[in-house]
Amino acid sequence: MERTELERLRQNEETFARANEQIRNAAERLNVDPVPFLCECSATNCTDLIHLTLDAYRTVRKSNGFMIRPGHDDPHVETVVEDHGTYQVVEKFR
Ligand SMILES: [Zn+2]
């Protein structure tokens with residue numbers, strides 16, 4: 001896969017991660033918990049939701065990882081480091 005293509009896949013995940021930060025802020029204001037977050041996989045057409053408690057979400061955000069629905073990992077850009085059943089945490093290759 002070309003480098004530009006890999007960059008694009010990484011950027012997709014970062015875009016979803018930024019959107020999830022806004023969802024977290026809103027959930028904290030509104031006292032919503034667990035929260036429907038967006039799958040942070042690299043597929044542009046993925047609109048799957050992952051229901052996570054705010055605590056679980058914060059744990060993912062503190063790591064270098066991204067949360068995805070099981071099976072949404074792309075072995076070209078990332079590796080699964082945690083499996084929680086309803087979601088997985090992936091770390092991107094540097
Ligand atoms: Zn996905």
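The following paragraphs lead through the structure from its overall layout to its details.

The model is predicted; local features are given where pLDDT is at least 70, side-chain atom pairs count only at pLDDT 80 or more, and totals for chains, interfaces and linings use all residues. Residues are numbered from 1 along each chain as its sequence is written. The predictor's confidence in each residue is expressed as pLDDT, on a scale from 0 to 100. For this chain the mean pLDDT is 92, and 99% of the residues reach 70 or more.

Two helices and five strands make up the elements of the chain. Helices (H or I, at least four residues) and strands (E, at least two) are DSSP runs, numbered from the N terminus. Read from the N terminus, their order is α-β-β-α-β-β-β. The radius of gyration is 13 Å, close to the 12 Å given by the globule rule for 94 residues, so the chain is as compact as a globular protein of that length. Here the radius of gyration is taken over C-alpha atoms, and the globule rule is 2.2 Å times the number of residues to the power 0.38. The C-alpha trace spans about 45 × 25 × 20 Å along its principal axes.

Helix α1 covers residues 3–30. Its 28 residues should span 40 Å at 1.5 Å a residue, and the end C-alpha atoms are 41 Å apart, which agrees. The expected span is 1.5 Å times one less than the number of residues. A residue is called buried if 20 or more other C-beta atoms, placed from the backbone, lie within 10 Å of its own, exposed if 12 or fewer do, and partly exposed in between. In α1 the buried residues are E13, F16 and N20, and what covers them includes β1 and β3. By contrast, A26 of α1 counts as exposed because it has 11 C-beta neighbours inside 10 Å.

The loop between α1 and β1 (35–38) deserves attention. N31 lies in this loop and has a positive phi of about 60° although it is not a glycine. N31 is exposed, with 7 other C-beta atoms within 10 Å. Further along, a cis peptide bond with omega of about 0° joins D33 and P34, and P34 is found in the loop between α1 and β1.

Of the 94 residues, 26% count as buried. A nonpolar core is a set of buried Ala, Val, Leu, Ile, Met, Phe, Trp, Tyr and Cys residues joined through C-beta atoms within 7 Å. In the largest such core, which has 14 residues, F37, I50, L52, Y57, M67, I68 and Y87 touch the most other members. Two or more residues each come from β1, β2 (49–52), α2 (54–62), β3 (66–68) and β5 (88–92), and β3 gives the largest share, three residues. Leaving aside residues up to four places away in sequence, Y87 touches I50, L52, M67, I68, R69 and P70; contact requires C-beta atoms, placed from the backbone, within 7 Å.

Finally, strand β4 (residues 78–83) pairs with β5 in the antiparallel sense over five bridges. Pairing requires that DSSP find at least two bridges between two strands.

Definitions and conventions. Contact = placed C-beta atoms within 7 Å.
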